[in-house]
Amino acid sequence: VFGESAVRPSPLLLGLYDELLEKALAGAPLAAPHRRLYVSRADSQNRPLDQDAELGQILADRGFESLTLSGLSVAQQAKLFAEAEVVVGPHGAGLTNLGFCRPGTKVLELAPSHYSNPCFLALSHLAGLEHAIYVGPAQGKTPLRHKRHFSVRIEAVLQALDELLA
């Protein structure tokens, strides 16, 4: 069960994202949304996606940049997401950057069936993003829900992406 604040973030949150983005840019111009981002969880032990590398390569063939965010500064992440027209990625902390996206950005979140959390859907709604979720089955036997990996059917992910972009 999620508390009301997890489902309905405050509109004040977007002001904080705007302030962070302004500081990150330090007066530099921001390009129009043009980036296609795949947010990889290859560097995470929590809820890794089994087909992460394969999906990243297939999306690269469709013009996506595959990113692991752990090595990037907040300023770099803010700029990338502010210039994104499409974001695809497994549910995880990297999607917190959706608050930097401009209204109308399309988001495809890949979520594990064993870990339901609507926080990024709520953030996307607040920010005026078009958000779809693909749910993949959990894998593994660990009793820790956040440590279990999950799987997707790549052809189904690509179909969901095509529908989102149509």
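Q: At what angle do helix H3 (residues 52-60) and helix H6 (residues 154-165) pack, and how far apart are their axes?
A: The angle is about 40°, and the axes are 11 Å apart. Axes are lines fitted to C-alpha atoms, for helices over the stretch in contact, and angles run from 0 to 180 degrees between N-to-C directions. This is a predicted model, in which local features need pLDDT of at least 70, side-chain atom pairs count only at pLDDT 80 or more, and totals for chains, interfaces and linings use all residues. Residues are numbered from 1 along each chain as its sequence is written, and side-chain values use heavy atoms, without hydrogens and water.

Q: Why are H3 and H6 called oblique to each other?
A: Angles under 35 degrees count as roughly parallel, over 145 as roughly antiparallel, 65 to 115 as roughly perpendicular and the rest as oblique. H3 and H6 pack at about 40°. H3 and H6 are therefore oblique. Their crossing is right-handed, a term for the near helix being turned clockwise from the far one by less than a right angle.

Q: Which residues make the contact of H3 and H6?
A: H3 brings Glu54, Leu55, Ile58 and Leu59, while H6 brings Ile154, Val157, Leu158 and Leu161. Contact means heavy atoms within 4.5 Å. By class, 7 residues are nonpolar, none polar and 1 charged.

Q: What makes H2 roughly perpendicular to H5?
A: Helix H2 (residues 12-25) and helix H5 (residues 119-127) pack at about 80°, with axes 10 Å apart. That angle makes H2 roughly perpendicular to H5. Leu13, Leu14 and Tyr17 of H2 meet Leu123, Leu126 and Ala127 of H5. This contact has 6 nonpolar residues, with no polar and no charged ones.

Q: How do you know that H2 and H4 are roughly perpendicular to each other?
A: H2 and helix H4 (residues 74-82) pack at about 110°, and their axes are 9 Å apart. H2 and H4 are therefore roughly perpendicular. Leu21, Ala24 and Leu25 of H2 touch Ala75, Ala78, Lys79 and Ala82 of H4. The residues divide into 6 nonpolar, no polar and 1 charged.

Q: What makes strand E2 (65-67) and strand E5 (130-136) the edge strands?
A: The open sheet has 5 strands in the order E2-E1-E3-E4-E5, with parallel pairing. E2 and E5 each pair on one side only. Two strands pair if DSSP finds at least two bridges between them.

Q: How do you know that strand E4 (residues 106-112) and E5 pair?
A: E4 and E5 share 7 bridges, in the parallel sense. Ala111 has Val135 in E5 as its bridge partner. H3 packs on the sheet, touching strand E1 (35-39), E2, strand E3 (84-90) and E4. The direction of H3 makes about 170° with that of E1.

Q: Why is the aromatic pair of Tyr17 and Phe100 called edge-to-face?
A: Rings of Phe, Tyr and Trp (its six-membered ring) pair if their centres lie within 6.5 Å; planes under 30 degrees apart count as stacked, over 60 as edge-to-face and the rest as tilted. Here the values are 4.8 Å centre to centre and 85° between the planes, hence edge-to-face. Tyr17 lies in helix H2 and Phe100 in the loop between E3 and E4, 83 residues apart. A search of the whole structure finds 1 aromatic pair.

Definitions and conventions:
Helices (H or I, at least four residues) and strands (E, at least two) are DSSP runs, numbered from the N terminus. Ala, Val, Leu, Ile, Met, Phe, Trp, Tyr, Cys and Pro count as nonpolar, Asp, Glu, Lys and Arg as charged, and the others, Gly among them, as polar.
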